[in-house]
Amino acid sequence: VRSRGLGDVYKRQIQKGRYGEVRENLPDLLSRYPNEAGVFFIQALINNDGDSSLSQYQKLIETFPASEFAAMSSMKIGEYLFARGLY
């Protein structure tokens, strides 16, 4: 998310398990920040389907390779593959 503070707010909500609140705000975030890697990262974090999140992380890495969220997405992909025993 463009404003680092804004991204931190949503990450804290996710850490506290407030997925519903983040999901409610996601459409607004996507419309206000359509080209921000942080919004796509948040979207992948709150996705209920791991395979779909994996695809979202991969797309984020391809679309925003220089973003800090690309590195975080790579880590999330590794965590997911490890958890599934696909290493």
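Visitor: How far apart along helix 2 are Asp28 and Arg32, counted in helical turns?

Guide: This is a predicted model, and here Asp28 and Arg32 are four residues apart in helix 2 (residues 19-32), so about one helical turn separates them.

Visitor: Is Asp28 buried or exposed, or something in between?

Guide: Something in between: Asp28 has 37% relative accessibility and therefore counts as partly exposed. Arg32 also falls in the partly exposed class, because its relative accessibility is 47%.

Visitor: How many salt bridges does the structure hold?

Guide: There are three. Another one joins Lys76 and Glu79, whose closest N and O atoms are 3.4 Å apart. These two are three residues apart in helix 5, so about one helical turn lies between them. Lys76 is partly exposed at a relative accessible area of 25%, and Glu79 counts as partly exposed at 38%.

Visitor: Which side chain does Asp51 meet in a salt bridge?

Guide: That of Arg84, at 3.4 Å from N to O. This pair links distant parts of the chain: Asp51 sits in helix 4 and Arg84 in the segment after helix 5, 33 residues apart. Asp51, at 41% relative accessibility, counts as partly exposed, and so does Arg84, at 47%.

Visitor: Let's turn to helices. What describes two packed helices?

Guide: The general idea is to give the angle between their axes and the distance between the axes. In this structure, helix 3 (residues 37-46) and helix 4 (residues 50-63) pack at about 165°, with axes 9 Å apart. An angle over 145 degrees counts as roughly antiparallel, so that is how helix 3 and helix 4 run relative to each other. Helix 3 passes helix 4 in a left-handed crossing.

Visitor: Which residues of helix 3 and helix 4 meet?

Guide: From helix 3 come Ala37, Phe40, Phe41, Gln43, Ala44 and Leu45; from helix 4 come Ser53, Gln56, Tyr57 and Leu60. Sorted by class, this contact has seven nonpolar, three polar and no charged residues.

Visitor: What does Ser73 touch?

Guide: Leaving out residues up to four places away in sequence, Ser73 touches Phe41, Tyr57, Leu60 and Ile61.

Note on methods:
Residues numbered from 1 in each chain as written. Predicted model: local features only at pLDDT ≥ 70, side-chain atom pairs only at ≥ 80, totals over all residues. Heavy atoms only, no water. Axes fitted to C-alpha atoms, helices over the stretch in contact; angles between N-to-C directions. Parallel < 35°, antiparallel > 145°, perpendicular 65-115°, else oblique. Left-handed = near helix turned anticlockwise from the far one by under 90°. Contact = heavy atoms within 4.5 Å. Nonpolar A, V, L, I, M, F, W, Y, C, P; charged D, E, K, R; others polar. Salt bridge = Lys/Arg side-chain N within 4 Å of Asp/Glu carboxyl O. Buried < 20%, exposed > 50% of the residue type's maximum accessible area, 1.4 Å probe, protein only.
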